[in-house]
Amino acid sequence: MANNLTIVMYHYVRPLKESRYPDLKALESENFRGQLDYIQRHYTVVNMQDVIAATRGEARLPEQAILLTFDDGYRDHYEHVFPLLVERGVQGSFFPPACAVREGRVLDVNKIHFTLASSTNPQRLIAEIFAVMDAHRNEYGLPGNAECFDAFSRESRYDSADVTFIKRILQKGLPAPMRGSLIDRLFRQFVTNDERDFAAELYMDDTQLRELLDAGMFIGSHGDQHLWLNTLSADEQRSEVETSLEFMGDIGVPQHDWVMCYPYGGYNNALLALLREKGCALGLTVDVGVADLALTDPLCLPRLDTNDLPNSLDACLAHGEPTNEGRHLEA
Ligand SMILES: [Zn+2]
């Protein structure tokens, strides 16, 4: 018998038009409010604890069950999401990467997003990237620029070929040491020199996370440094998981029945084995779909993006079909 669960994934949620970065791919706060109206009309918002019980056959979820998940630990979530969830008496689940909260570092993924939001011309960024690749071609044995562009520039669900190229070459296309320094350089050039200050504005701190917990929200793991966990060695995977668990323990998250949300959706069998060993109850991917808890491995649950659901009370029921409309933020 089906036991369907829609899991919605959110990233930035903010009063975008009035913000300093109106070109950021974020969900406008008003649209979040409208989407909550829609969700509460057509779905029943469930708690993470109910979902864990359902995957074990200890409980059944209501019809049209939906779980709300918020990735990356943004202060946006504390300021623009948390109050609405409290007002409506529903739970959200939040997944902060440990290093963003504890070390005042801006994640590479965020540096890339804000660089893109601050530069009106992707071609200019591509020219900068190519210049750095030219300078390091021999040292790292890099392929030609045109060849790299062809390999990484596929048009995606939400981005132009140019923007996809920039994201993918910076996220995983270049050798790690070169990639980190190039991202830093672009971030300093186009966004800010003060990373610590920017991080303090961008992410929640541990006091805010404790406040979420105290109010009945759920907090889960998003790793330590927000890496593609499927690309790491066994030791590196273990370090990511253990550092994140330690961080959550410090905030007061129970160490049993914890939940992993894979950065960029990246996981592999070695990671799943490690998570089982550590007592992880659920894993959230970025595979697009509605989960059938009777059939799906609890460590590999699919999600819908906020853009797959309407933003207003009166919209027709979407039946969980991705609509490909609107704006999105990857990872
Ligand atoms: Zn993330």
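**Buried rings, cores and a helix crossing**

F198 is buried, with a relative accessible area of 8%. The model is predicted, and F198 is one of the residues that ring pairs link into a cluster.

**Aromatic pairs**
- The structure holds 16 aromatic pairs.
- One of them joins Y12 and Y74, which are stacked at 4.4 Å centre to centre with 20° between the planes.
- Y12 lies in the loop between β1 and β2 and Y74 in the loop between β5 and α3, so this pair ties together parts 62 residues apart in sequence.
- Y21 and F198 form an edge-to-face pair, because their ring centres are 6.2 Å apart and their planes stand at 75°.
- Y21 sits in the loop between β2 and β3 and F198 in helix α10, 177 residues apart.
- Y21 also counts as buried, at 12% relative accessibility.
- The cluster linked by ring pairs consists of Y12, Y21, Y74, F114, F187, F198 and Y203.

**Nonpolar cores**
- The largest nonpolar core has 45 residues, and those with the most contacts inside it include Y10, F94 and L275.
- Helix α12 (residues 234–251) supplies the largest share of this core, five residues.
- Another core lies apart from it, with 43 residues, among them L142 and W228.

**Helices α11 and α12**
- The axes of α11 (residues 206–214) and α12 come within 9 Å and cross at roughly 70°, which makes α11 roughly perpendicular to α12.
- D206, L209, R210 and L213 of α11 meet F247, D250 and I251 of α12.
- These contact residues divide into four nonpolar, no polar and three charged.

Definitions and conventions:
Residues are numbered from 1 along each chain as its sequence is written. This is a predicted model: local features need pLDDT of at least 70, side-chain atom pairs count only at pLDDT 80 or more; totals for chains, interfaces and linings use all residues. Side-chain values use heavy atoms; hydrogens and water are left out. A nonpolar core is a set of buried Ala, Val, Leu, Ile, Met, Phe, Trp, Tyr and Cys residues joined through side-chain atoms within 4.5 Å. Buried means under 20% relative accessible area, exposed over 50%, partly exposed in between (1.4 Å probe, protein chains only). Helices (H or I, at least four residues) and strands (E, at least two) are DSSP runs, numbered from the N terminus. Axes are lines fitted to C-alpha atoms, for helices over the stretch in contact, and angles run from 0 to 180 degrees between N-to-C directions. Angles under 35 degrees count as roughly parallel, over 145 as roughly antiparallel, 65 to 115 as roughly perpendicular and the rest as oblique. Contact means heavy atoms within 4.5 Å. Ala, Val, Leu, Ile, Met, Phe, Trp, Tyr, Cys and Pro count as nonpolar, Asp, Glu, Lys and Arg as charged, and the others, Gly among them, as polar. Rings of Phe, Tyr and Trp (its six-membered ring) pair if their centres lie within 6.5 Å; planes under 30 degrees apart count as stacked, over 60 as edge-to-face and the rest as tilted.
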